[in-house]
Amino acid sequence: MPADLRPLNAPDVPRVSAGYAKAMEVTGATRWLYVSGQIPLGEDGVPESFADQARLTLLNVERQLVHAGMGKDDLVKLTVFLSSRDHRLEFRDIRTEWLGGREIGLTVIVCDIFDEAWLLEIEAVAVA
């Protein structure tokens with residue numbers, strides 16, 4: 001039996017923006033997948049633009065999910081590390097498009113990234 005995922009948003013906690021859940025309830029899960037930080041590295045190296053890096057990094061997350069026999073519907077949470085606060089709105093739009101209306105748990109942290117060429121890194125948690 002697949003896991004049942006339910007986005008939760010307590011009515012007495014203000015929502016800063018739409019597109020993610022304040023909490024995720026998981027029942028019936030038999031498998032958990034913890035995806036290490038995925039980076040914007042592809043066969044052609046690291047793209048220059050933030051948008052291209054974001055899409056590639058999300059694709060790398062998705063590739064890990066697929067390899068484990070899972071997909072975006074199994075995602076519970078993303079943790080996104082951005083190299084600059086300037087990328088937050090652009091990433092929100094790219095993430096919203098990639099998730100296709102799914103609401104999952106989300107944390108965004110602005111920090112130094114391991115490699116200066118990388119503008120973001122993303123880790124994920126999925127259940128099935």
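Hi everyone, thanks for coming. Please keep in mind throughout that we are looking at a predicted model.

Four strands make up an open sheet, in the order 3-6-4-5, and the pairing is mixed. At the edges sit strand 3 and strand 5, the latter running over 105–110, and each of them pairs on one side only. From one strand to the next, the twist averages 10°.

If you look at strand 3 and strand 6, you will find them paired in the antiparallel sense, over five bridges.

Now for the helices. Helix 1 packs on the sheet and touches strand 3, strand 4 and strand 6. The direction of helix 1 makes about 30° with that of strand 6. Helix 2 packs on the sheet as well, touching strand 4, strand 5 and strand 6. For helix 2, the angle is about 155°, taken against the direction of strand 4.

Which residues of the largest nonpolar core touch the most other members? They are L75, L78, F91 and I122, out of 26 residues in that core. Two or more residues each come from strand 3 (32–38), helix 1 (50–67), strand 4 (75–82), helix 2 (88–99) and strand 6 (120–127). Helix 1 gives the largest share, six residues. Apart from this core lies another one, of six residues, including A3, M24, V76 and V125.

Let me come back to I122 for a moment. Setting aside neighbours within four places in sequence, I122 is in contact with S36, G37 and Q38, with T57, L58 and V61, with L78, T79 and V80, and with F91.

My last stop is a lysine, K72, and you will find it in the loop between helix 1 and strand 4. Is K72 buried or exposed? K72 counts as buried, because its relative accessibility is 18% and the cut-off for buried is under 20%. And what lies 2.7 Å from a polar atom of the K72 side chain? That would be the backbone oxygen of W98. Leaving out neighbours within four places in sequence, the contacts of K72 are E62, L65, W98 and R102.

Note on methods. Residues numbered from 1 in each chain as written. Predicted model: local features only at pLDDT ≥ 70, side-chain atom pairs only at ≥ 80, totals over all residues. Heavy atoms only, no water. Core = buried A, V, L, I, M, F, W, Y, C linked by side-chain atoms within 4.5 Å. Buried < 20%, exposed > 50% of the residue type's maximum accessible area, 1.4 Å probe, protein only. Contact = heavy atoms within 4.5 Å. Polar contact = N/O pair within 3.5 Å; in protein donor to acceptor, adjacent residues only side chain to side chain. Pairing = 2+ DSSP bridges. Axes fitted to C-alpha atoms, helices over the stretch in contact; angles between N-to-C directions.
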